[in-house]
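Good morning, everyone, and thank you for making time for this short talk.

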Amino acid sequence: MGERFGTQLRAERTARGLSQTQLGGEEYSPSYISLLELGHREPTPAVIAELAGRLRLAPQTLEAWNLGSTPQEGAFLQAGLAARQAWDQRDYPESARQAGAAARHAHAAGNPAAWWEMAYLQAEALMRQGQTAQAALIAQDILSAPLTGTSHALTVRARQLLSALCLGLGEPAVAAAHARAAVKASAPLPAGSPLAAAALISLIAALAESGRLEEAWEHCEALAPHSTQDTPGQAAGEAEWAIGSVAFLRGDPEEGARRHERAARLLSPANDLPLWARFNKASAAARLAGGITEPETLAALERAEIAYSIVEANRAEQLELALIRAHWLHLDGQHELALEHLGPIHRERHLLGHHTAGQAALLHGQALTAIGRHQAALEHLRHAHAAFARSGLDGSARTAEDAIAALPRTAAETRTPTSPAPA
C-alpha cells in the first residue's frame, strides 16, 4: 500500500515545487520523506495529518492514497517501482521501458499525476542513454499535458527538461527559450525552491552555449543566493558549478577555479556518481574553452574519464570525453595525438548535437592546420561553420570563418564557408 501513497505524495510535492526538506520541515527528515515516496515506509495517521496540512489537502485525500488499488493501478505500481529501481541501479534502458509501461497503465487508470511522473522518468532515462530526440518528443507531450498547465512547478520541470534536451540536440537558442519560460514560471514558487535554482541553471547553461556570456553572468549573480551555507550540498554544488563555468568562459580563471573547487567539495561521488562525472567533464571543457591547461584541468578530465568508466557512458558521452581529451592534446601541442581522437568523433558526429559537432570540426581543422595539412583542414572548418550556423551560433561561425581566412591561399581555390561539409 505504501507504494501507491508514495507515488501520490511525490506527485503532489513536486507539483507544489517543494523539496523533501521543505515538506518534512522540522518534524520529518528528507530521508524519511524519501522512504515514504519510495513505498518503504507506511505512513501513520499522525504523519498523514501533518503532511496533509503542509500540502493543503484534506487528510481524507491522503488516507485514500493508502487504500487498496485496482488491478490497473497495481500494474502501474509494479512497473513504476521497477522503473525507479532500474534508475537507481543506472540501468537506464530498463528504467525507460518500465516507466513507459507505468505511464500507459496510469493513463488507462485515469491518473494524470502518475502518468506525468512516469512519462518524465521515461524521458530522463532516454536522455541518459543518448536517445535525445525520442526523449524530446515525450517531453513535448508532458509540456502540453493539461495537468502541466495547472501547476507552476510542473511547468518549470517540463520546460527545464526540454531545455536540456534541446541543448543536447544542438539547439541552444531553443534551449534558452524554454529555460526563460522555466524561470518565469518559477517566480510564484516558495522562496528558496530548488526548482527556481534549477531553472536559472538551465538558462545559464543555454546562454553560455550560445556565447551570450555577459547575459549568462547576470543570471549567475541571481543564482548566487541559492548557494549559501543553508543550501543543501548538491544544490549548492550545482550552483557553484554553473557560476564557475561561466567565469572560465569569460576569462576569469581565478573566479572559475574558486567556484569549481567549492563545487567539487559539495558534489560527492559517493552521493551521485553520474552527476560527479558530468561535473568534471563540464569543468574540464570550460577550462579548456578558456585556454586553461594547468594540471587541475587535466585532473578534472581524468576524474571524468574514471567516473564514466564506472557509470558506463553512452556513446555520445564517450565522444564528448574524447573531444575534451583531443582539445587538451591540441593545446598541449600534441596535434597528431589529438587527431587520433578526432577521427572517430568525425565519423560518428551524427550522434552529437550540431553545436558539439561544430566544436569537434573546428578543433579538427585547427589541429590539421597546425601540422600543415591545409586542404584537409579547410574541409573540416567548412563543416564547423555549417554546424554553427545551423545552431544559430554566430560568434562560433565567425571563428570558423576566421580560421578559413587564415589558411594559405593554396589550400583551396575557393574558401567560402558555405561549401559542403565533408562526407
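At what angle do α22 and helix α23 pack, and how far apart are their axes? Before I answer, please keep in mind that what you see is a predicted model. The angle between α22 and helix α23, which covers residues 394–405, is about 160°, and their axes are 8 Å apart. Angles over 145 degrees count as roughly antiparallel, and that makes α22 roughly antiparallel to α23. The crossing of these two helices, α22 and α23, is left-handed.

If you want to find this contact on the screen, look on the α22 side for Leu378, Leu381, Arg382, Ala384, His385, Phe388 and Ala389, which meet Ser396, Ala397, Ala400, Glu401, Ala403 and Ile404 in α23. Sorted by class, the contact of α22 with α23 holds nine nonpolar, two polar and two charged residues.

Let us now turn to the other partner of this helix. Helix α21, residues 354–370, packs against helix α22, residues 374–391, at an angle of about 160°, and here the axes are 7 Å apart. These helices, α21 and α22, are therefore roughly antiparallel to each other, and α21 passes α22 in a left-handed crossing. Among the residues of α21 that make the contact are His354, His355, Gly358 and Leu362, while α22 contributes, among others, His374, Ala377, His380 and Phe388. By class, the contact of α21 with α22 is made up of nine nonpolar, 12 polar and one charged residues.

One more residue of helix α22 deserves a moment, and that is Glu379. Is Glu379 buried, exposed or partly exposed? With a relative accessible area of 24%, Glu379 is partly exposed. Glu379 and His364 are 15 residues apart in sequence, and from C-alpha to C-alpha they are 9.7 Å apart in space.

I would like to move on to the salt bridges.

In one of them, the side chains of Glu37 and Arg13 meet with an N to O distance of 2.6 Å. Glu37 lies in helix α3, residues 30–37, and Arg13 in helix α1, residues 2–15, so this pair ties together parts that are 24 residues apart in sequence. Both Glu37 and Arg13 are buried.

For the last pair, Arg259 forms a salt bridge with Glu240, and the closest N and O atoms are 3.0 Å apart. This pair links distant parts of the chain, with Arg259 in helix α16, residues 253–266, and Glu240 in helix α15, residues 233–249, the two being 19 residues apart. Both Arg259 and Glu240 are buried. Which residues do salt bridges with shared partners join into one network here? That network consists of Glu240, Glu255, Arg258, Arg259 and Arg262.

Conventions
Residues numbered from 1 in each chain as written. Predicted model: local features only at pLDDT ≥ 70, side-chain atom pairs only at ≥ 80, totals over all residues. Heavy atoms only, no water. Salt bridge = Lys/Arg side-chain N within 4 Å of Asp/Glu carboxyl O. Helix = DSSP H or I, 4+ residues; strand = E, 2+ residues; numbered from the N terminus. Buried < 20%, exposed > 50% of the residue type's maximum accessible area, 1.4 Å probe, protein only. Axes fitted to C-alpha atoms, helices over the stretch in contact; angles between N-to-C directions. Parallel < 35°, antiparallel > 145°, perpendicular 65-115°, else oblique. Left-handed = near helix turned anticlockwise from the far one by under 90°. Contact = heavy atoms within 4.5 Å. Nonpolar A, V, L, I, M, F, W, Y, C, P; charged D, E, K, R; others polar.
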